[in-house]
Amino acid sequence: MKSNSLEYNFPDNFLWGSSSAAYQIEGANNEDGKGTSIWDVFSKESGHTYHGTNGDIAVDHYHRYEEDVALMKEMGLKSYRFSISWSRIYPEGRGKLNAKGVLFYDKLIDHLLAANIEPIVTIYHWDLPQALQDQYGGWESREIIEDFAAYASFLFRHYGDRVKYWITVNEQNVFVMQGWLFGLHPPGVKESARAFKVNHIVNLANARVIEEFRLSDCNGQIGPSFAYSPSYPNDSRPENNLANENYKAFFNDFWLDVYVWGRYPSFVLQRLNELGISFDEVEGDQQILEKGKPDFIGINYYQSSNVEFEWSKNEKSSMLSNLLKSTKKIENPFLEKTDWNWSIDPLGLTITLRQLESRYHLPILITENGLGAFDQLEEDKTVHDSYRMNYIREHLLAVKQAIDEGVTVIGYCSWSFTDLLSWLNGYKKRYGFVYIDRDDTNIRTLNRYKKDSFYWYQQVITTNGESLVNSTK
């Protein structure tokens, strides 16, 4: 997206931030009473992650959080989004609390507040306690709904006097589809029927946690974080436009409509019924879902999608085509790609924000957006990542365009503050403003080095976005 001027700065209270997730940064996977998570187990099973990389040590944030918060303060962050490890609080998923785990997040939150950084807490970022997976199948059992609500209720009671912003679940659409449809995340299942049953249970759990939040004394806001991808029809042929409507209904509305309105889109329900797929709904489910309306929508935005009608189906037609009546994704020739072949589409973020405003009329918090790349640490310990600055600059200008056009955006959290473990791609896929001295096979020093983008984002925050129009592309 091209922009030559910025008429005024971002809102005065705009939350300039950055993000992380517990499993990807903390390490200390079996220290101070922490229980085992499903990712602790899954990542050690052969063939699941790049070179068998795991989060046992990650980037050692558990022992270096004070150093990391000091860097955040130096940068001038207004907010920091992080997740709490469920198994660090409840090693068995429920029952006995782990006091040392509780204390760790006490100290982290207090350090953030002392640095004038607003903590944004994600309650669930994929690291389910393995004990619940073993006991009743984790998210495949309705038993998890009350366990999740009880876990969240403790967080609200204990940290709610200091935390104003809460994320219920991170990217439900990703962890459900990757875990039960494509088999790439735990538990590694490839069964459509099970995937949709799990998804319904997660929806109920999300709504129950929001209900629990309403019953608490917390003076804050809560909402889920969703991986949103706007989609485009490949051309103006009516069939391709219909395929795009199918795609949007299935991959965006199917989740967000439930979050906001407590109901599933009719098209998706009808299509699943044709395929013999049900959610195993019971009496009372609808009432639970309707109590789960969020205060805001969290959006993780990385790329857009391009779709068309599949004109000639065959035995190898994709799952997407079969579910969505001959719809398939194709390359968009007008967009550049990242090192990991993700499309780069800043204008798609403006489109995303406007679509969400038009459909749901809720404030939006951008909880993730960033560029994974092969960064090079020079001999003088510098990292010249102009490509990251360009990427974030263009996406921030896209956010500003949406704000100017009437969208309420609470803040922007880049992914991520430091480099971290990519769930499936190890440590080579770097996202951070701060370089971590380690790789997939060598832990090295774990020293922190500020990249060029660190100083660039520092200036963006200092000027409340004004520097974006003057920064070098």
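Guide: Here is a walk through the pockets and cavities, with a stop at one helix. The model is predicted. Rolling a probe the size of a water molecule over the atoms shows where empty space is left.

Start with the largest pocket. Its volume is about 1300 Å³. The lining takes in 43 residues. Nearest the centre of this pocket lie Val 174, Gln 178, Ala 227, Gln 303 and Trp 342. H8 supplies the largest share, 4 residues. Sorted by class, the pocket lining has 19 nonpolar, 18 polar and 6 charged residues.

Now the cavities. The structure has 6 of them at 30 Å³ or more. The largest cavity holds about 70 Å³ of space. Among the residues lining this cavity are Tyr 23, Glu 26, Lys 34, Asp 40, Arg 88 and Asp 127. Ala 22, Gly 27, Asn 29, Ser 37, Gly 55 and Ser 85 also belong to the lining. By class, the cavity lining divides into 2 nonpolar, 5 polar and 5 charged residues.

Last stop: helix H15, residues 386-404. H15 has 19 residues, so at 1.5 Å a residue it should span 27 Å. The C-alpha atoms at its ends are 27 Å apart, which agrees. H15 is mostly covered, with 14 of its 19 residues buried. After H15 comes Gly 406, with a positive phi near 105 degrees.

Conventions: Residues numbered from 1 in each chain as written. Predicted model: local features only at pLDDT ≥ 70, side-chain atom pairs only at ≥ 80, totals over all residues. Heavy atoms only, no water. Helix = DSSP H or I, 4+ residues; strand = E, 2+ residues; numbered from the N terminus. Expected span 1.5 Å × (residues − 1). Buried < 20%, exposed > 50% of the residue type's maximum accessible area, 1.4 Å probe, protein only. 1 Å grid on protein atoms, 1.4 Å probe; cavity = no way out; pocket = protein on both sides within 12 Å on 5 of 7 lines; lining within 4 Å. Points joined across faces, edges and corners; volume = space filled by probe spheres on them. Nonpolar A, V, L, I, M, F, W, Y, C, P; charged D, E, K, R; others polar.
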